[in-house]
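Morning, everyone. Please have a look at the model on the screen, and then I'll walk you through a few spots.

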Amino acid sequence: MSNGIPFRKMNGLGNEIVMVDLRGSGRVLAAAEARAIAVRPASRFDQMMVLHDAKVAGTEAYVRIYNTDGSEAEACGNGMRCIGWVVAGQTGRKTLKFETKAGVLDVVVAGIDRITVDMGTPRFGWRDIPLAEPFHDTRTIELQIGPIDKPILHSPSVANVGNPHAVFWVEDVDAYDLARIGPMLENHPIFPERANISLARVASRDAITVRTWERGAGLTKACGSAACAATVCAVRKGLTERRVTVTLPGGPLVIEWRADNHILMTGPVELEHEGVLDALATA
């Protein structure tokens with residue numbers, strides 16, 4: 001393979017995704033290469049989905065997921081929808097399996113506007129999220145930012161849906177400077193592996209509004225795993241039903257936490273353009 005890297009620039013509800021298919025090449029991208037790709041205007045991404053040769057029989061690929069800062073994410077629901085749509089077009093198969101750090105994920109492609117990802121099962125134990133200290137009940141943990149007697153945000157729910165999430169329940173998701181608060185909370189000592197930080201408002205028993213500061217990427221128009229985290233946390237607190245429309249800045253996703261404990265996420269994708277990245281300057 002030459003130094004040039006073919007790529008597809010896509011998005012899931014505005015969540016910027018770059019897809020790179022390295023199957024058959026033996027090539028692995030370094031964190032510095034991922035950062036270099038992220039800063040180029042044509043290949044700007046929130047997450048980059050890199051397909052490698054399958055390790056598990058019956059899967060299409062092993063997928064490494066990079067954040068803007070070059071760190072690796074365990075899961076990205078919007079990105080999984082993107083690669084599912086592309087591979088379905090390549091193979092003609094509508095039901096696909098991909099291996100990630102979060103496990104093997106199933107993708108069902110009904111069309112570019114309706115792609116469903118089985119995000120697996122959520123975890124709520126404090127060690128699983130993980131947290132730096134024990135909490136018996138992770139529906140609400142003791143964490144606040146701001147003055148002790150008048151905190152800006154406090155008492156989030158926490159969950160791991162392939163990656164760690166903290167969900168703060170608010171009356172207005174736009175009433176907070178998430179670009180300022182997000183980095184502080186993402187890197188709070190309570191989260192040894194950092195965390196995705198969301199503001200969530202429950203509008204009804206079947207509707208939630210969410211804004212997210214994404215670990216390693218920053219503000220995003222849509223974070224699929226955050227939509228999943230907000231839904232399962234809302235259900236655990238008795239705030240919603242198990243099937244919810246989650247409205248993100250980029251648009252709606254339908255999230256269903258099934259009785260078998262699996263989370264299904266359904267939404268659209270968009271192909272913006274294709275190109276080739278020349279040799280990368282990573283210094």
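One term before we start: contact here means heavy atoms within 4.5 Å. And keep in mind that this is a predicted model.

Let's begin with Gly250. Gly250 sits in the loop between β16, residues 243-248, and β17, residues 251-257. What does Gly250 touch, not counting residues up to four places away in sequence? Leu13 and Lys221. How exposed is Gly250? The relative accessible area is 31%. Buried would be under 20% and exposed over 50%, so Gly250 counts as partly exposed.

Next, the inside. Rolling a probe the size of a water molecule over the atoms shows where empty space is left. How many cavities of 30 Å³ or more does the count give? The answer is 1. The volume of the largest cavity is about 50 Å³. Which residues line the largest cavity? Gln47, Asn67, Ala73, Ala75, Asn163, Asn196, Glu214, Arg215 and Ser225. By class, that lining has 5 polar, 2 nonpolar and 2 charged residues.

Last, the rings. The structure has 1 aromatic pair. Then there are charges over rings. Lys55 lies over the face of Tyr62, 4.0 Å from the ring centre. Arg236 lies over the face of Phe124, and there the distance to the ring centre is 4.0 Å.

That's my tour. Questions, please.

Notes:
Residues are numbered from 1 along each chain as its sequence is written. This is a predicted model: local features need pLDDT of at least 70, side-chain atom pairs count only at pLDDT 80 or more; totals for chains, interfaces and linings use all residues. Side-chain values use heavy atoms; hydrogens and water are left out. On a 1 Å grid over the protein atoms alone, a cavity is a set of points where a 1.4 Å probe fits but cannot get out, and a pocket is an open set with protein on both sides within 12 Å along at least five of seven lines; lining residues have an atom within 4 Å of a point. Grid points are joined across faces, edges and corners, and a volume is the space filled by probe spheres set on the points. Ala, Val, Leu, Ile, Met, Phe, Trp, Tyr, Cys and Pro count as nonpolar, Asp, Glu, Lys and Arg as charged, and the others, Gly among them, as polar. Helices (H or I, at least four residues) and strands (E, at least two) are DSSP runs, numbered from the N terminus. Buried means under 20% relative accessible area, exposed over 50%, partly exposed in between (1.4 Å probe, protein chains only). Rings of Phe, Tyr and Trp (its six-membered ring) pair if their centres lie within 6.5 Å; planes under 30 degrees apart count as stacked, over 60 as edge-to-face and the rest as tilted. A charge sits over a ring if NZ of Lys or CZ of Arg is within 6 Å of the ring centre and within 35 degrees of the ring normal.
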